[in-house]
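Please examine the protein shown below with its sequence. The paragraphs that follow lead from its strands to its rings and its charged side chains.

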Amino acid sequence: MATTVDDKTGDISFAGNTSYAINGGTLSLSDSSPIFGFSSNTTSTATVSSAGGEFDISLNSSIFSGFSGNRTYNLNITNTPPSTFLITFNLDGNSTSATARYNGSTTTLTFNVTGGFIITSSITINVTMQGNPYGLVTNRSTNIDTNNDGEGQICYLRGTLIETPSGRVAVETLSQGDEVYVYDGMNRHAVPLKWVGRKTVTAKSQEGRPVRIRANALADNVPFKDLVVTPEHCLFLNNAFVPARMLVNGKSIVVDQQDSFEIFHIETDNHAVVMADGALAESYLDTGNRRTFQSKGKIVFGGFDRLKTWEDDAAAVLETRREFVEPLHKAFSDRATALGFKSVVSEQEWSQDPELRLVCEDGTVFAPMRQVGGRYVFQVPSHVTRVGLRSRTCQPKDTIGPFVDDRRHLGVLVGDITLFESEETRAITSHLEEDAAPGWHSIDEAGHRWTKGLAALSLGERSGTTLGILSVEVVTCGPYLTETSNIREQRVVA
(Lines give C-alpha, C1' and ligand atoms only; values in the text may rest on other atoms or scores of the structure.)
Protein backbone atom coordinates (compact mmCIF):
# COMPACT_ATOMS: atom_id res chain seq x y z
CA MET A 1 0.00 0.00 0.00
CA ALA A 2 1.35 3.37 -0.95
CA THR A 3 1.94 6.17 1.52
CA THR A 4 0.06 9.30 0.46
CA VAL A 5 1.52 12.81 0.53
CA ASP A 6 -1.14 15.48 0.13
CA ASP A 7 -1.47 19.21 0.57
CA LYS A 8 -3.46 18.78 3.78
CA THR A 9 -0.70 17.05 5.68
CA GLY A 10 2.06 19.36 4.42
CA ASP A 11 5.70 18.37 3.96
CA ILE A 12 6.31 14.89 5.36
CA SER A 13 9.39 12.66 5.47
CA PHE A 14 8.84 8.91 5.17
CA ALA A 15 10.95 6.09 6.53
CA GLY A 16 8.84 2.99 6.09
CA ASN A 17 7.64 2.64 2.54
CA THR A 18 9.06 2.64 -0.99
CA SER A 19 5.81 3.30 -2.83
CA TYR A 20 4.36 6.81 -2.68
CA ALA A 21 1.25 8.61 -3.85
CA ILE A 22 1.64 12.39 -4.12
CA ASN A 23 -1.45 14.57 -4.11
CA GLY A 24 -0.31 18.21 -3.97
CA GLY A 25 2.22 17.86 -1.18
CA THR A 26 5.99 17.45 -0.94
CA LEU A 27 7.73 14.08 -0.74
CA SER A 28 10.93 14.45 1.28
CA LEU A 29 13.65 11.87 0.74
CA SER A 30 16.62 11.95 3.09
CA ASP A 31 19.52 9.68 4.06
CA SER A 32 17.22 7.54 6.21
CA SER A 33 14.56 7.03 3.53
CA PRO A 34 14.08 3.45 2.41
CA ILE A 35 14.97 4.33 -1.16
CA PHE A 36 18.55 4.55 0.11
CA GLY A 37 18.68 1.03 1.51
CA PHE A 38 21.61 -1.29 2.06
CA SER A 39 21.34 -3.04 -1.29
CA SER A 40 22.20 -1.69 -4.69
CA ASN A 41 19.98 -1.17 -7.72
CA THR A 42 16.77 -0.74 -5.70
CA THR A 43 13.74 0.76 -7.43
CA SER A 44 10.95 2.78 -5.79
CA THR A 45 7.86 4.30 -7.38
CA ALA A 46 5.94 7.52 -6.85
CA THR A 47 2.57 8.33 -8.42
CA VAL A 48 1.73 12.02 -8.76
CA SER A 49 -1.95 12.99 -9.02
CA SER A 50 -3.41 15.80 -11.09
CA ALA A 51 -2.95 18.05 -8.03
CA GLY A 52 0.79 17.92 -8.69
CA GLY A 53 3.46 17.96 -6.02
CA GLU A 54 7.08 18.52 -5.14
CA PHE A 55 10.09 16.35 -4.36
CA ASP A 56 12.70 17.28 -1.78
CA ILE A 57 15.94 15.27 -1.97
CA SER A 58 18.23 16.04 0.97
CA LEU A 59 21.53 14.17 1.31
CA ASN A 60 24.20 14.41 3.99
CA SER A 61 27.62 12.82 4.38
CA SER A 62 26.10 10.18 6.68
CA ILE A 63 24.72 8.45 3.59
CA PHE A 64 28.15 6.82 3.21
CA SER A 65 28.09 5.26 6.70
CA GLY A 66 28.15 1.50 6.84
CA PHE A 67 29.15 0.55 3.31
CA SER A 68 31.81 0.85 0.66
CA GLY A 69 31.71 0.39 -3.07
CA ASN A 70 29.20 1.67 -5.63
CA ARG A 71 25.42 1.71 -5.37
CA THR A 72 22.56 2.82 -7.61
CA TYR A 73 19.06 3.81 -6.48
CA ASN A 74 16.13 4.36 -8.84
CA LEU A 75 12.89 6.28 -8.40
CA ASN A 76 10.28 5.97 -11.14
CA ILE A 77 7.57 8.64 -11.26
CA THR A 78 4.25 7.74 -12.88
CA ASN A 79 1.42 9.95 -14.11
CA THR A 80 1.95 13.72 -13.82
CA PRO A 81 5.61 14.76 -13.43
CA PRO A 82 6.30 16.83 -10.29
CA SER A 83 6.15 20.59 -10.76
CA THR A 84 9.31 21.23 -8.75
CA PHE A 85 12.34 19.39 -7.42
CA LEU A 86 13.97 20.69 -4.26
CA ILE A 87 17.62 19.68 -3.97
CA THR A 88 19.77 20.05 -0.87
CA PHE A 89 23.29 18.58 -0.69
CA ASN A 90 25.13 18.91 2.63
CA LEU A 91 28.13 16.90 1.54
CA ASP A 92 31.21 18.82 2.64
CA GLY A 93 34.38 17.15 1.43
CA ASN A 94 32.55 14.94 -1.07
CA SER A 95 32.17 15.31 -4.81
CA THR A 96 28.67 15.86 -6.21
CA SER A 97 27.26 16.22 -9.69
CA ALA A 98 23.77 16.24 -11.15
CA THR A 99 22.37 16.17 -14.66
CA ALA A 100 18.99 16.22 -16.39
CA ARG A 101 18.38 14.49 -19.73
CA TYR A 102 15.37 13.99 -22.01
CA ASN A 103 15.72 11.08 -24.46
CA GLY A 104 12.62 11.73 -26.54
CA SER A 105 10.13 9.97 -24.27
CA THR A 106 11.33 10.17 -20.67
CA THR A 107 13.29 12.61 -18.53
CA THR A 108 15.90 11.35 -16.08
CA LEU A 109 17.53 13.35 -13.29
CA THR A 110 20.80 11.72 -12.24
CA PHE A 111 22.59 12.59 -9.02
CA ASN A 112 26.12 11.29 -8.41
CA VAL A 113 27.85 11.53 -5.04
CA THR A 114 31.39 10.30 -4.38
CA GLY A 115 32.78 10.18 -0.87
CA GLY A 116 33.28 7.90 2.11
CA PHE A 117 35.41 8.01 5.20
CA ILE A 118 38.07 5.36 4.55
CA ILE A 119 37.29 3.68 1.23
CA THR A 120 35.98 5.77 -1.64
CA SER A 121 32.36 4.97 -2.41
CA SER A 122 29.86 6.31 -4.91
CA ILE A 123 26.10 6.61 -5.03
CA THR A 124 24.00 7.21 -8.14
CA ILE A 125 20.35 8.24 -7.88
CA ASN A 126 18.21 8.10 -11.01
CA VAL A 127 14.78 9.79 -11.00
CA THR A 128 12.82 8.98 -14.16
CA MET A 129 9.50 10.43 -15.36
CA GLN A 130 7.47 10.49 -18.56
CA GLY A 131 7.69 13.38 -21.00
CA ASN A 132 9.77 16.54 -20.94
CA PRO A 133 8.33 18.66 -18.11
CA TYR A 134 11.38 20.93 -17.82
CA GLY A 135 11.81 21.83 -21.48
CA LEU A 136 15.16 20.08 -21.95
CA VAL A 137 16.91 19.74 -25.30
CA THR A 138 16.49 16.18 -26.60
CA ASN A 139 19.48 13.87 -26.02
CA ARG A 140 21.60 16.54 -24.40
CA SER A 141 22.62 16.37 -20.74
CA THR A 142 22.01 19.56 -18.77
CA ASN A 143 24.14 20.11 -15.67
CA ILE A 144 22.40 20.85 -12.39
CA ASP A 145 24.78 23.03 -10.41
CA THR A 146 25.27 21.66 -6.87
CA ASN A 147 28.02 24.10 -5.88
CA ASN A 148 27.57 26.89 -3.38
CA ASP A 149 30.62 29.04 -4.04
CA GLY A 150 29.05 31.86 -6.06
CA GLU A 151 31.19 31.32 -9.16
CA GLY A 152 29.21 31.57 -12.37
CA GLN A 153 26.21 33.19 -10.66
CA ILE A 154 24.71 36.36 -12.15
CA CYS A 155 23.03 38.41 -9.45
CA TYR A 156 22.86 41.43 -7.17
CA LEU A 157 23.89 41.62 -3.54
CA ARG A 158 21.71 42.77 -0.66
CA GLY A 159 21.10 46.52 -0.61
CA THR A 160 21.04 47.07 -4.38
CA LEU A 161 18.31 49.58 -5.26
CA ILE A 162 16.20 48.70 -8.32
CA GLU A 163 14.18 51.36 -10.15
CA THR A 164 10.43 50.62 -9.99
CA PRO A 165 7.18 52.57 -10.46
CA SER A 166 7.15 52.85 -6.66
CA GLY A 167 10.62 54.36 -6.57
CA ARG A 168 13.94 52.76 -5.73
CA VAL A 169 13.38 49.44 -3.99
CA ALA A 170 15.97 47.20 -2.29
CA VAL A 171 16.37 44.00 -4.31
CA GLU A 172 15.91 41.79 -1.25
CA THR A 173 12.40 43.17 -0.68
CA LEU A 174 11.11 42.45 -4.20
CA SER A 175 8.64 39.61 -4.76
CA GLN A 176 7.14 37.79 -7.69
CA GLY A 177 4.55 40.03 -9.34
CA ASP A 178 6.16 43.31 -8.27
CA GLU A 179 6.77 45.73 -11.14
CA VAL A 180 10.19 47.04 -12.13
CA TYR A 181 11.27 49.39 -14.88
CA VAL A 182 13.03 47.91 -17.92
CA TYR A 183 14.91 50.09 -20.39
CA ASP A 184 15.05 50.13 -24.19
CA GLY A 185 17.26 52.95 -25.37
CA MET A 186 15.83 56.19 -23.94
CA ASN A 187 12.50 54.53 -23.17
CA ARG A 188 11.39 52.65 -20.11
CA HIS A 189 8.27 50.76 -19.14
CA ALA A 190 7.10 48.72 -16.15
CA VAL A 191 6.88 44.92 -16.24
CA PRO A 192 6.07 42.40 -13.48
CA LEU A 193 8.68 40.09 -12.02
CA LYS A 194 8.23 36.49 -13.08
CA TRP A 195 10.48 35.08 -10.38
CA VAL A 196 12.73 36.19 -7.54
CA GLY A 197 15.47 33.95 -6.21
CA ARG A 198 17.99 34.24 -3.41
CA LYS A 199 20.95 32.24 -2.19
CA THR A 200 23.72 32.48 0.38
CA VAL A 201 27.11 31.58 -1.07
CA THR A 202 30.63 31.16 0.24
CA ALA A 203 33.44 32.20 -2.09
CA LYS A 204 36.21 29.61 -2.20
CA SER A 205 38.59 31.78 -4.20
CA GLN A 206 39.16 35.33 -5.43
CA GLU A 207 37.15 34.45 -8.55
CA GLY A 208 34.05 33.80 -6.46
CA ARG A 209 34.09 37.11 -4.57
CA PRO A 210 31.74 39.92 -5.66
CA VAL A 211 32.74 43.00 -7.65
CA ARG A 212 32.19 46.47 -6.18
CA ILE A 213 31.58 49.26 -8.71
CA ARG A 214 32.17 52.40 -6.69
CA ALA A 215 29.97 55.48 -6.92
CA ASN A 216 30.77 57.58 -10.05
CA ALA A 217 33.01 54.82 -11.47
CA LEU A 218 31.23 54.72 -14.84
CA ALA A 219 30.08 58.35 -15.16
CA ASP A 220 28.86 61.15 -12.96
CA ASN A 221 26.42 59.57 -10.46
CA VAL A 222 26.66 56.22 -12.28
CA PRO A 223 26.27 54.39 -10.08
CA PHE A 224 25.00 56.90 -7.51
CA LYS A 225 26.26 54.59 -4.74
CA ASP A 226 28.48 51.53 -4.66
CA LEU A 227 26.92 48.76 -6.74
CA VAL A 228 27.95 45.25 -5.69
CA VAL A 229 27.31 42.30 -8.02
CA THR A 230 28.66 38.82 -8.65
CA PRO A 231 31.63 38.64 -11.07
CA GLU A 232 29.61 37.28 -14.00
CA HIS A 233 26.82 39.84 -13.64
CA CYS A 234 26.71 42.08 -16.69
CA LEU A 235 26.58 45.84 -16.98
CA PHE A 236 24.92 47.37 -20.05
CA LEU A 237 27.62 49.43 -21.77
CA ASN A 238 27.79 50.68 -25.38
CA ASN A 239 24.66 48.68 -26.23
CA ALA A 240 26.13 45.41 -25.02
CA PHE A 241 26.40 43.36 -21.84
CA VAL A 242 29.87 43.11 -20.27
CA PRO A 243 30.68 40.92 -17.21
CA ALA A 244 31.72 43.01 -14.21
CA ARG A 245 34.83 40.85 -13.64
CA MET A 246 36.32 42.09 -16.91
CA LEU A 247 36.21 45.73 -15.78
CA VAL A 248 38.06 45.38 -12.47
CA ASN A 249 40.81 48.03 -12.30
CA GLY A 250 41.74 47.89 -8.62
CA LYS A 251 40.67 51.52 -8.10
CA SER A 252 37.06 52.35 -8.88
CA ILE A 253 36.02 48.80 -9.76
CA VAL A 254 37.42 46.29 -7.29
CA VAL A 255 37.06 42.76 -6.00
CA ASP A 256 35.13 43.02 -2.75
CA GLN A 257 36.71 40.92 -0.02
CA GLN A 258 33.54 39.19 1.18
CA ASP A 259 33.69 35.44 1.60
CA SER A 260 30.05 34.78 2.55
CA PHE A 261 27.19 36.84 1.16
CA GLU A 262 23.59 36.67 -0.01
CA ILE A 263 22.76 37.10 -3.70
CA PHE A 264 19.47 37.84 -5.47
CA HIS A 265 18.01 37.22 -8.92
CA ILE A 266 15.09 39.12 -10.42
CA GLU A 267 13.51 37.73 -13.59
CA THR A 268 11.09 39.26 -16.06
CA ASP A 269 9.28 37.39 -18.84
CA ASN A 270 12.02 38.46 -21.22
CA HIS A 271 15.65 39.19 -20.43
CA ALA A 272 15.89 42.94 -19.89
CA VAL A 273 17.99 45.95 -18.96
CA VAL A 274 17.14 47.27 -15.49
CA MET A 275 18.46 50.19 -13.44
CA ALA A 276 20.45 49.14 -10.37
CA ASP A 277 21.90 51.84 -8.11
CA GLY A 278 21.71 54.19 -11.09
CA ALA A 279 23.62 51.91 -13.49
CA LEU A 280 22.13 49.89 -16.34
CA ALA A 281 22.54 46.17 -15.81
CA GLU A 282 20.78 42.92 -16.62
CA SER A 283 17.82 41.04 -15.21
CA TYR A 284 18.10 37.28 -14.75
CA LEU A 285 18.52 35.05 -17.81
CA ASP A 286 17.91 31.38 -17.02
CA THR A 287 20.80 29.65 -18.79
CA GLY A 288 20.83 26.83 -16.25
CA ASN A 289 21.59 27.96 -12.70
CA ARG A 290 18.05 28.67 -11.46
CA ARG A 291 18.03 25.28 -9.74
CA THR A 292 20.61 26.33 -7.16
CA PHE A 293 18.52 29.30 -6.01
CA GLN A 294 15.94 29.51 -3.29
CA SER A 295 12.35 30.51 -3.79
CA LYS A 296 10.55 30.81 -0.45
CA GLY A 297 13.52 29.13 1.23
CA LYS A 298 13.81 26.11 -1.06
CA ILE A 299 16.27 25.21 -3.80
CA VAL A 300 14.37 24.86 -7.05
CA PHE A 301 14.69 22.70 -10.14
CA GLY A 302 11.87 22.61 -12.63
CA GLY A 303 8.52 24.30 -12.87
CA PHE A 304 9.75 26.85 -15.44
CA ASP A 305 10.16 27.20 -19.18
CA ARG A 306 13.01 25.85 -21.27
CA LEU A 307 16.56 26.95 -20.55
CA LYS A 308 17.49 30.11 -22.44
CA THR A 309 20.62 31.09 -24.33
CA TRP A 310 22.50 34.32 -24.85
CA GLU A 311 22.30 33.84 -28.60
CA ASP A 312 18.51 33.47 -28.79
CA ASP A 313 17.07 35.17 -25.71
CA ALA A 314 19.34 37.94 -24.43
CA ALA A 315 18.19 41.58 -24.49
CA ALA A 316 21.56 42.54 -26.02
CA VAL A 317 24.73 40.86 -27.20
CA LEU A 318 27.19 39.52 -24.61
CA GLU A 319 30.62 41.05 -25.28
CA THR A 320 33.79 39.42 -23.92
CA ARG A 321 36.09 40.20 -26.85
CA ARG A 322 39.26 42.01 -25.85
CA GLU A 323 38.87 44.59 -28.61
CA PHE A 324 35.48 45.59 -27.17
CA VAL A 325 36.21 45.39 -23.44
CA GLU A 326 39.77 46.76 -23.21
CA PRO A 327 38.84 50.33 -24.30
CA LEU A 328 36.08 50.37 -21.66
CA HIS A 329 38.51 49.08 -19.04
CA LYS A 330 41.03 51.80 -19.94
CA ALA A 331 38.40 54.56 -19.93
CA PHE A 332 37.12 53.59 -16.46
CA SER A 333 40.68 53.20 -15.15
CA ASP A 334 41.68 56.64 -16.49
CA ARG A 335 38.51 58.11 -14.99
CA ALA A 336 39.35 56.55 -11.62
CA THR A 337 42.81 58.14 -11.69
CA ALA A 338 41.36 61.54 -12.62
CA LEU A 339 38.84 61.34 -9.78
CA GLY A 340 41.53 60.44 -7.28
CA PHE A 341 40.60 56.83 -6.58
CA LYS A 342 43.47 55.07 -4.86
CA SER A 343 44.56 51.56 -5.77
CA VAL A 344 43.40 48.93 -3.29
CA VAL A 345 45.55 46.21 -4.87
CA SER A 346 48.68 45.41 -2.87
CA GLU A 347 51.96 44.98 -4.69
CA GLN A 348 52.18 41.43 -5.99
CA GLU A 349 55.33 39.41 -6.42
CA TRP A 350 55.84 37.69 -9.75
CA SER A 351 58.28 35.02 -10.80
CA GLN A 352 59.29 33.58 -14.14
CA ASP A 353 60.39 30.33 -12.48
CA PRO A 354 57.75 27.62 -13.05
CA GLU A 355 59.34 25.41 -10.36
CA LEU A 356 58.96 22.48 -12.74
CA ARG A 357 59.12 19.09 -11.04
CA LEU A 358 58.74 15.46 -12.02
CA VAL A 359 56.29 13.54 -9.81
CA CYS A 360 56.23 9.73 -9.62
CA GLU A 361 53.14 7.68 -8.82
CA ASP A 362 54.54 6.80 -5.37
CA GLY A 363 54.69 10.51 -4.51
CA THR A 364 58.43 10.98 -5.03
CA VAL A 365 59.20 14.40 -6.49
CA PHE A 366 62.32 15.05 -8.60
CA ALA A 367 63.83 18.47 -9.10
CA PRO A 368 65.69 18.95 -12.41
CA MET A 369 69.35 17.93 -12.52
CA ARG A 370 70.02 20.99 -14.57
CA GLN A 371 68.37 23.57 -16.78
CA VAL A 372 69.89 24.66 -20.07
CA GLY A 373 67.90 27.47 -21.67
CA GLY A 374 64.37 26.16 -21.92
CA ARG A 375 65.31 22.53 -21.37
CA TYR A 376 64.78 20.86 -18.02
CA VAL A 377 66.70 17.61 -17.48
CA PHE A 378 65.55 14.99 -14.94
CA GLN A 379 66.84 11.62 -13.79
CA VAL A 380 64.18 8.90 -13.93
CA PRO A 381 64.52 5.51 -12.14
CA SER A 382 64.38 2.51 -14.47
CA HIS A 383 61.10 1.16 -13.05
CA VAL A 384 59.15 4.41 -13.58
CA THR A 385 56.84 4.33 -16.61
CA ARG A 386 54.42 7.13 -15.77
CA VAL A 387 55.13 10.54 -14.28
CA GLY A 388 53.48 13.91 -13.78
CA LEU A 389 54.86 17.31 -14.80
CA ARG A 390 54.10 19.67 -11.92
CA SER A 391 54.57 23.43 -11.95
CA ARG A 392 53.18 26.73 -10.83
CA THR A 393 50.22 28.04 -12.82
CA CYS A 394 49.15 31.44 -14.11
CA GLN A 395 46.03 32.82 -15.76
CA PRO A 396 46.12 35.21 -18.75
CA LYS A 397 43.44 37.35 -17.09
CA ASP A 398 45.99 38.04 -14.34
CA THR A 399 49.14 38.35 -16.42
CA ILE A 400 47.60 40.48 -19.21
CA GLY A 401 44.48 42.02 -17.67
CA PRO A 402 40.87 41.16 -16.71
CA PHE A 403 39.71 42.40 -20.12
CA VAL A 404 41.18 39.19 -21.56
CA ASP A 405 38.54 36.49 -21.24
CA ASP A 406 41.01 33.66 -20.73
CA ARG A 407 40.76 32.02 -17.32
CA ARG A 408 42.72 28.89 -18.09
CA HIS A 409 45.24 27.80 -15.49
CA LEU A 410 48.45 27.51 -17.51
CA GLY A 411 51.48 25.66 -16.22
CA VAL A 412 54.19 25.42 -18.88
CA LEU A 413 54.00 25.19 -22.68
CA VAL A 414 55.78 21.94 -23.51
CA GLY A 415 57.61 21.29 -26.76
CA ASP A 416 59.82 18.26 -27.39
CA ILE A 417 60.25 15.57 -24.73
CA THR A 418 63.10 13.09 -25.08
CA LEU A 419 64.02 10.03 -22.97
CA PHE A 420 67.68 8.93 -23.02
CA GLU A 421 68.46 5.40 -21.84
CA SER A 422 71.48 3.17 -22.09
CA GLU A 423 70.13 1.25 -25.06
CA GLU A 424 68.05 3.84 -26.90
CA THR A 425 66.98 7.44 -27.27
CA ARG A 426 63.34 8.12 -28.13
CA ALA A 427 60.87 10.95 -28.35
CA ILE A 428 58.00 10.90 -25.86
CA THR A 429 54.75 11.87 -27.58
CA SER A 430 52.08 10.23 -25.40
CA HIS A 431 50.75 13.64 -24.36
CA LEU A 432 50.05 14.49 -28.00
CA GLU A 433 48.11 11.32 -28.79
CA GLU A 434 44.96 11.96 -26.76
CA ASP A 435 42.75 15.06 -26.95
CA ALA A 436 41.60 14.64 -23.36
CA ALA A 437 45.01 13.78 -21.91
CA PRO A 438 44.80 14.29 -18.11
CA GLY A 439 46.26 17.60 -16.98
CA TRP A 440 46.79 19.06 -20.47
CA HIS A 441 45.12 21.85 -22.41
CA SER A 442 44.52 21.60 -26.16
CA ILE A 443 47.40 21.08 -28.59
CA ASP A 444 48.36 24.29 -30.39
CA GLU A 445 49.11 24.70 -34.10
CA ALA A 446 52.84 24.17 -33.58
CA GLY A 447 52.28 20.84 -31.83
CA HIS A 448 53.03 22.30 -28.40
CA ARG A 449 50.78 21.82 -25.39
CA TRP A 450 50.15 23.70 -22.15
CA THR A 451 49.96 21.79 -18.91
CA LYS A 452 47.34 22.64 -16.30
CA GLY A 453 49.89 22.54 -13.49
CA LEU A 454 50.02 18.75 -13.08
CA ALA A 455 50.02 16.81 -16.34
CA ALA A 456 50.21 13.04 -16.80
CA LEU A 457 52.99 11.70 -19.02
CA SER A 458 53.45 8.08 -20.06
CA LEU A 459 57.06 7.03 -20.77
CA GLY A 460 56.11 3.66 -22.25
CA GLU A 461 58.08 0.48 -21.68
CA ARG A 462 61.53 1.06 -20.24
CA SER A 463 64.45 -0.78 -21.83
CA GLY A 464 67.24 -0.32 -19.34
CA THR A 465 68.07 -1.21 -15.75
CA THR A 466 69.79 2.07 -14.96
CA LEU A 467 68.60 5.61 -14.53
CA GLY A 468 67.14 7.29 -17.59
CA ILE A 469 67.44 10.96 -18.49
CA LEU A 470 64.28 12.85 -19.41
CA SER A 471 64.65 16.16 -21.24
CA VAL A 472 61.59 18.44 -21.31
CA GLU A 473 61.52 21.51 -23.54
CA VAL A 474 59.58 24.43 -22.04
CA VAL A 475 58.69 26.74 -24.92
CA THR A 476 57.26 29.46 -22.69
CA CYS A 477 55.95 29.89 -19.17
CA GLY A 478 54.76 32.44 -16.61
CA PRO A 479 54.95 34.93 -15.20
CA TYR A 480 53.50 33.48 -12.01
CA LEU A 481 52.11 35.09 -8.90
CA THR A 482 54.42 33.59 -6.30
CA GLU A 483 51.68 32.97 -3.73
CA THR A 484 49.76 30.82 -6.23
CA SER A 485 52.47 28.18 -6.48
CA ASN A 486 50.90 24.77 -6.25
CA ILE A 487 54.15 23.00 -5.39
CA ARG A 488 53.77 21.00 -2.20
CA GLU A 489 56.81 18.76 -2.18
CA GLN A 490 56.91 15.84 0.21
CA ARG A 491 60.21 14.43 -0.96
CA VAL A 492 62.55 16.06 -3.44
CA VAL A 493 65.41 14.18 -5.04
CA ALA A 494 67.99 16.47 -6.63
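Two strands are said to pair if DSSP finds at least two bridges between them. Helices (H or I, at least four residues) and strands (E, at least two) are DSSP runs, numbered from the N terminus. The model is predicted, and for this reader's orientation its local features need pLDDT of at least 70, side-chain atom pairs count only at pLDDT 80 or more, and totals for chains, interfaces and linings use all residues. Residues are numbered from 1 along each chain as its sequence is written, and side-chain values use heavy atoms, with hydrogens and water left out.

Strand E16 (residues 179-184) runs antiparallel to strand E17 (residues 187-192), and six bridges join them. Within this pairing, Val-182 stands opposite His-189 in E17. Two residues lie between the strands of the hairpin, and Gly-185 takes a positive phi near 65°. In a regular strand the side chains alternate between the two faces of the sheet.

Strand E32 (residues 370-372) and strand E33 (residues 375-380) are antiparallel and are joined by three bridges. Val-372 has Arg-375 in E33 as its bridge partner. Here too, two residues lie between the strands, and Gly-373 in the turn has a positive phi of about 60°. Strand E33 also pairs with strand E40 (residues 468-477), in the antiparallel sense and over six bridges. In that pairing, the bridge partner of Phe-378 is Leu-470 in E40.

What does the secondary structure of the whole protein come to? The protein has three helices and 42 strands. Contact means heavy atoms within 4.5 Å. Among contacts between residues at least 6 apart in sequence, 68% join residues at least 24 apart. The protein has an accessible surface of about 23000 Å², and carbon and sulfur atoms account for 46% of this surface. Such areas come from the Shrake-Rupley method with a 1.4 Å probe, and for residues only the protein chains shown count as cover. A residue is buried under 20% relative accessible area, exposed over 50%, and partly exposed in between (1.4 Å probe, protein chains only). Of the 494 residues in the protein, 48% are buried.

The aromatic rings come next. Rings of Phe, Tyr and Trp (its six-membered ring) pair if their centres lie within 6.5 Å; planes under 30 degrees apart count as stacked, over 60 as edge-to-face and the rest as tilted. A search of the whole structure finds three aromatic pairs. The ring centres of Phe-241 and Trp-310 are 5.7 Å apart and the planes meet at 70°, so this pair is edge-to-face. The pair links distant parts of the chain, since Phe-241 lies in strand E22 (residues 240-243) and Trp-310 in helix H1 (residues 310-313), 69 residues apart. Phe-241 is buried, with a relative accessible area of 0%. Together with Phe-236, the residues Phe-241 and Trp-310 form one aromatic cluster.

A charge sits over a ring if NZ of Lys or CZ of Arg is within 6 Å of the ring centre and within 35 degrees of the ring normal. Arg-168 lies over the face of Phe-224, at 4.0 Å from the ring centre. The charged end of Arg-188 sits over the ring of Tyr-181, 3.8 Å from its centre.

Finally, consider the salt bridges. A salt bridge is a side-chain nitrogen of Lys or Arg within 4 Å of a carboxyl oxygen of Asp or Glu. By this rule there are 25 salt bridges. In one of them, Arg-335 joins Asp-220, with the closest N and O atoms 2.8 Å apart. Arg-335 belongs to helix H2 (residues 322-339), whereas Asp-220 is in the loop between strand E19 (211-213) and strand E20 (227-229), 115 residues apart. Arg-335 is partly exposed, at 22% relative accessible area, while Asp-220 is exposed, at 60%.

Arg-322 and Glu-326 also form a salt bridge, with the closest N and O atoms 2.9 Å apart. These two residues are four residues apart in helix H2, so about one helical turn separates Arg-322 from Glu-326. A network of salt bridges links Arg-158, Glu-172, Arg-198 and Glu-262.
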